[in-house]
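The entries follow in the order in which I went through them.

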Amino acid sequence: MTDTPVPQSCDLLIEAGFVIPVEPHGVVLEDHAVAVRDGVIVAILPTHDARTRFEAKETASRPDAALIPGLVNAHTHNPMTLLRGVADDLPLKVWLQEHIWPIEAAVMGPDFVADGVTLAIAEMLRGGTTSCNENYFFPDVQAATYRRYGFRARVGLPVIDFPTAWASSDDEYFDRAGEVHDQWRDDALIATAFAPHAPYTVSDANFERIRMLADQLDVPVHLHLHETAQEVAQSQQQHGQRPLARMDRLGLVNDRLIAVHMTQLTPGEIALCAERGVSVVHCPESNLKLASGFCPACALQRAGVNLALGTDGAASNNDLDMFGEARTAAILAKAVADDAAGFDAFSALRAATLAGARAIGFDDRVGSIEPGKQADLVCIDLSALETQPLHHVVSQLVYATGRHQVSDVWIAGKPKLRDRELVEMDVAEIIANVKQWRERIAVIGR
């Protein structure tokens, strides 16, 4: 007679019709379960076996759902969610310099940042995003707000060559950056990066200072780069070289660089990024809306560049919908490369998960469903008529699924969305607060 094994305890067992681990690439596991203990994934196995092997404190049974890693928004300006729709249908420089910056000068402060981030967290969770790479002012307030709601974020430490409400001089930008980094350096959910705004707003001296400190502190550099043809032409006129070449001269083109947008690239620049381990964050919907250009996603992918996805800010997108971003990225990439087989559904999902985690330095803990990683997980209900019939689950996720089909979200095994309802956030309170900001901003815009 064989002894019956004693079931192992776990905190959470998620049973799904489909588990898409992302790593290994191209795999779909049918009727599988993921076991979680102390916020960490401990096993992925067939549901029948999981029920025998584990005794769970809580079981989430989702036979009509796909379970994926939490989506990673690798570039965003989340406080700007409060500016959604204030200055649409304008080119980047006009939008930024004549509208966004004047409004920000009037309203930017700790309360604006905290309330904008809170709204963004709620929107991201409802859309299946569990990590973001943030780039805005008052990073101390951002970090505290993300931590309050248990959301995973890499928070940018801003550097720009003019005074703002956050800092009035070069030295103050760097002093405050060091303070924020020191405060959050050992946190389980929050990390930091240097976030110089762009080549056209940061001097060589400040870039050199950033390079030195990024090396010392072992943090990434999160930078808008090659966003528009105008930016490239201006750099050639002022510095005698294209922005990427200037960054290379200053020692910043390496595996710490998170290069955002990259719509204007030569084959040589793509090869350089691949050789140096640069991560590129593609923001297709913002680039399309601002007519900034087309990131050559297929060429970057073929060259071996780590290609992630971001929404950019809701003021230029105008949402934080990573499902929409993945779909647009996949479809646009095919048109740009004239290749219907390019940037397929599995590649788009990877760009929205593991590649994003890798870009922001979180791939050791999130981005794929693997034992030992944090249980940042998302269930998507595929039973709706809009995602039927279900011939190919990843195709449906990328080309047919809407963020409203996200049913459940966990971060480090803790529920953040359950049956489409936010667990720790008061939606009515958030909306009421946002309406007050709308009134304040409307007065400024008149």
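I count a contact when heavy atoms lie within 4.5 Å. The model is predicted, so I set limits: local features need pLDDT of at least 70, side-chain atom pairs count only at pLDDT 80 or more, and totals for chains, interfaces and linings use all residues. I number residues from 1 along each chain as its sequence is written, and side-chain values use heavy atoms, with hydrogens and water left out.

Entry: threonine 129. I looked up its neighbours and, leaving aside residues up to four places away in sequence, found that Threonine 129 touches Leu71, Asn73, Met124, Phe151 and Met322. Threonine 129 belongs to strand S6, residues 129-134. Strands (E, at least two residues) and helices (H or I, at least four) are DSSP runs, numbered from the N terminus. The relative accessible area of threonine 129 is 0%, so I noted the residue as buried. Buried means under 20% relative accessible area, exposed over 50%, and partly exposed in between, with a 1.4 Å probe and protein chains only.

Entry: the record. UniProt, in an unreviewed entry, places "domain: Amidohydrolase-related" at residues 67-414. Its positions are in the numbering used here, feature names are shortened, and annotations may be inferred rather than shown by experiment. Over residues 67-414 I read 43% helix and 17% strand, with the end C-alpha atoms 15 Å apart.

Entry: cysteines. How many disulfides does the structure hold? I found zero, taking a disulfide as a pair of cysteine sulfur atoms within 2.5 Å. For cysteine 283 the closest cysteine sulfur is in cysteine 295, 8.7 Å away, which is too far for a bond. Cysteine 298 is in no disulfide either, with the sulfur of cysteine 295 the nearest at 9.9 Å. I noted cysteine 283 as buried at 0% relative accessibility and cysteine 298 as buried at 3%.

Entry: the two domains. The assignment, automatic or from a database, gives domain 1 as 8-69 + 367-412 and domain 2 as 71-360. Their C-alpha centres lie 29 Å apart. I found 30 residues of domain 1 in contact with 32 residues of domain 2. Domain 1 and domain 2 bury about 2,400 Å² between them, 66% of it on carbon and sulfur atoms. Val398, Tyr399 and Arg403 supply 30% of the area that domain 1 buries against domain 2, more than any other three residues. Buried area is the accessible area (1.4 Å probe) that two parts lose on being put together, summed over both.

Entry: salt bridges. I found four across the interface of domain 1 and domain 2, each needing a side-chain nitrogen of Lys or Arg within 4 Å of a carboxyl oxygen of Asp or Glu. I also noted a salt bridge between arginine 152 and aspartate 376, with the closest N and O atoms 2.7 Å apart.
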